[in-house]
Amino acid sequence: MPLSAPAARRPLHTRKVTCQGFFREDGLWDNEGHITDEKHYPDDGDWRGELQPGEYVHNMWIRLTLDEHMVIRDVEAVTDNSPYRVCPEITPNFKRLIGLRIAGGFHRQARERVGGTQGCTHLVELLGP
């Protein structure tokens with residue numbers, strides 16, 4: 001059942017999260033996440049200057065390659081758009097996830113390796129779904 005009709009309003013922000021899983025010919029799995037954020041009004045940023053409606057504040061990707069035991073064998077992270085210069089520079093840190101097993105305690109272990117200033121909040125959020 002959908003939500004009830006809303007009060008009169010105008011859009012301000014749209015976040016889209018897409019997650020896809022793939023079985024590879026070599027027997028491994030790729031799980032890919034993509035997150036975008038866009039404002040529906042001009043927004044002044046310190047690094048990129050004023051963004052116009054429809055321009056992405058965030059446009060980020062992550063791919064986890066897993067084996068049959070749910071152990072991460074490879075990671076690729078990409079930041080195409082971000083509000084801060086440092087964001088694209090930390091994507092190599094996500095290689096620190098290699099060797100972790102997706103099971104109980106995974107999120108805690110992932111945050112220990114790529115949380116805070118060692119990673120990107122938005123890319124870490126993509127590890128959940």
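How much accessible surface does the protein have, and what share of it belongs to carbon and sulfur atoms? The accessible surface comes to about 8400 Å², with 51% belonging to carbon and sulfur atoms (Shrake-Rupley method, 1.4 Å probe). The model is a predicted one, in which local features need pLDDT of at least 70 and side-chain atom pairs count only at pLDDT 80 or more, while totals for chains, interfaces and linings use all residues. Residues are numbered from 1 along each chain as its sequence is written, and side-chain values use heavy atoms, leaving out hydrogens and water.

Three helices and six strands make up the secondary structure (DSSP runs of H or I, at least four residues, and of E, at least two, numbered from the N terminus). Along the sequence they follow the pattern β-β-β-β-β-β-α-α-α. Four of the strands form an open antiparallel sheet in the order β1-β2-β5-β6, where pairing requires at least two DSSP bridges. Its edge strands are β1 (13-23) and β6. Between β5 and β6 there are eight bridges, and Arg-63 stands opposite Glu-76 in β6.

Beyond its neighbours within four places in sequence, Phe-94 is in contact (heavy atoms within 4.5 Å) with residues including Ile-62, Val-75, Leu-123 and Val-124.
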